[in-house]
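Please prepare a briefing on the structure shown below, covering its strand pairing, its salt bridges and its pockets, with the cut-offs behind each term.

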Amino acid sequence: QLTDRIADAGLLVAGILAETTISLHDLLRMAPGDIIVTEKSATKPVVLSVEGEKKFLGHIGQYKGSRAVRITRAVQPGDRV
């Protein structure tokens with residue numbers, strides 16, 4: 001019965017494209033169109049986090065005209081993500 005009640009609960013899911021460090025000065029001056037350079041290749045998998053916990057790896061693509069992430073596998077304990 002508890003499972004039925006929480007099955008429709010909302011969760012925060014975020015796709016992490018890359019992580020980098022920028023200065024507070026740069027952050028405050030950011031504007032639409034600015035580019036943040038990272039060391040991560042665009043072909044590398046993205047990380048999907050659920051409620052702040054890194055749970056899945058996937059690849060960016062499109063589905064029915066919308067941007068999407070295809071999950072390829074779950075994050076394993078030894079993964080460096």
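**Hairpins, salt bridges and pockets**

Gly 61 stands opposite Ala 68 in S4, and S3 and S4 pair in the antiparallel sense over eight bridges. Helices (H or I, at least four residues) and strands (E, at least two) are taken as DSSP runs numbered from the N terminus, and two strands are said to pair if DSSP finds at least two bridges between them. The model is a predicted one, in which local features need pLDDT of at least 70 and side-chain atom pairs count only at pLDDT 80 or more, while totals for chains, interfaces and linings use all residues. Residues are numbered from 1 along each chain as its sequence is written, and side-chain values use heavy atoms, with hydrogens and water left out.

**Strand pairing and the two hairpins**

- S2 and S3 also pair in the antiparallel sense, here over five bridges, and within this pairing Val 47 stands opposite Leu 57 in S3.
- The hairpin of S2 and S3 has two residues between the strands, and in this hairpin Glu 51 takes a positive phi near 55 degrees.
- Glu 51 is placed in the loop between S2 and strand S3, the latter covering residues 53-63, and Glu 51 counts as partly exposed because its relative accessibility is 48%; on this scale buried means under 20% relative accessible area, exposed over 50%, and partly exposed in between, with a 1.4 Å probe and protein chains only.
- The hairpin of S3 and S4 likewise has two residues between the strands, with Lys 64 taking a positive phi near 50 degrees.
- Lys 64 belongs to the loop between S3 and strand S4, which covers residues 66-74, and Lys 64 counts as exposed because its relative accessibility is 72%.

- Ser 49 lies in strand S2, which spans residues 46-50, and Ser 49 counts as buried because its relative accessibility is 7%.
- Leaving aside residues up to four places away in sequence, Ser 49 touches Leu 12, Val 13, Ala 14, Ile 16, Lys 54 and Lys 55, where a contact means heavy atoms within 4.5 Å.

**Salt bridges**

- A search of the whole structure finds two salt bridges, a salt bridge being a side-chain nitrogen of Lys or Arg within 4 Å of a carboxyl oxygen of Asp or Glu.
- In one of them the side chains of Lys 54 and Glu 19 meet, at 3.6 Å from N to O. Lys 54 lies in strand S3 and Glu 19 in the loop between strand S1 (13-16) and helix H2 (24-28), so this pair ties together parts that are 35 residues apart in sequence.
- Lys 54 is partly exposed, with a relative accessible area of 32%, whereas Glu 19 is exposed, with a relative accessible area of 57%.
- Arg 73 forms a salt bridge with Asp 79, and the closest N and O atoms of this pair are 2.9 Å apart.
- Both partners count as partly exposed, Arg 73 at 37% relative accessibility and Asp 79 at 24%.
- The C-alpha atoms of Glu 19 and Arg 80 are separated by 13 Å, although these residues are 61 residues apart along the chain.

**Pockets**

- The largest pocket holds about 230 Å³ of space, a volume being the space filled by probe spheres set on the grid points, which are joined across faces, edges and corners.
- Of the 14 residues that line the largest pocket, Lys 40, Pro 45, Val 47, Arg 80 and Val 81 lie nearest its centre.
- The lining of the largest pocket divides into seven nonpolar, one polar and six charged residues, with Ala, Val, Leu, Ile, Met, Phe, Trp, Tyr, Cys and Pro counted as nonpolar, Asp, Glu, Lys and Arg as charged, and the others, Gly among them, as polar.
- The second largest pocket holds about 180 Å³ of space, and its lining includes Leu 17, Thr 38, Lys 40, Val 46, His 59 and Ile 60.
- The lining of the second largest pocket divides into five nonpolar, four polar and two charged residues.

Notes. 1 Å grid on protein atoms, 1.4 Å probe; cavity = no way out; pocket = protein on both sides within 12 Å on 5 of 7 lines; lining within 4 Å.
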